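Please examine the sequence and the structure shown here before reading on.

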Amino acid sequence: MFTLSVKLTFYIPHAMSLKDKRQVCRSLIYKTRQRFNVSVAEVDTQDVHQTLTLGIAVVSGEIVHAQRSVDEIVRFMEENADGELANVEILS
């Protein structure tokens, strides 16, 4: 069994309040969970209006499959986020 985790940081320039940020956060988490059935949560920068940090965990029987899944998830989130992907940190 292999586990990969990823920490993604998004910049949301139009978020003027935490409410604006939460809307983007909820939408992105919902879409990602529906499509990939993975664990996703806001893990840092909860009190910063324009920065969203999400953590993702992928478990697989093969490391190659886990890595492919992570790559696809990151690409999906980048395309569907209402903000700019600023940083990707892959943790194992």
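Which residues in H2 are buried?

## Basis of the report

This is a predicted model, in which local features need pLDDT of at least 70, side-chain atom pairs count only at pLDDT 80 or more, and totals for chains, interfaces and linings use all residues. Residues are numbered from 1 along each chain as its sequence is written, and side-chain values use heavy atoms, with hydrogens and water left out.

## Helix H2

The buried residues of H2 are Ala66, Ser69, Val70, Ile73, Val74, Phe76 and Met77 (buried means under 20% relative accessible area, exposed over 50% and partly exposed in between, with a 1.4 Å probe and protein chains only). They lie on the same side of H2 because they cover an arc of only 165° around the axis, taken from the directions from the helix axis to the C-beta atoms. Arg68 and Glu79, on the other side of H2, are exposed.

Helices (H or I, at least four residues) and strands (E, at least two) are DSSP runs, numbered from the N terminus. The buried residues of H2 pack against strand E1 (2-11), helix H1 (18-36), strand E3 (51-60) and strand E4 (84-91), where contact means heavy atoms within 4.5 Å.

## The sheet

An open sheet is formed by four strands in the order E2-E3-E1-E4, with antiparallel pairing (two strands pair if DSSP finds at least two bridges between them). Strand E2 (39-44) and E4 are the edge strands, each pairing on one side only.

Five bridges join E2 and E3 in the antiparallel sense. Alanine 41 is opposite glycine 55 in E3.
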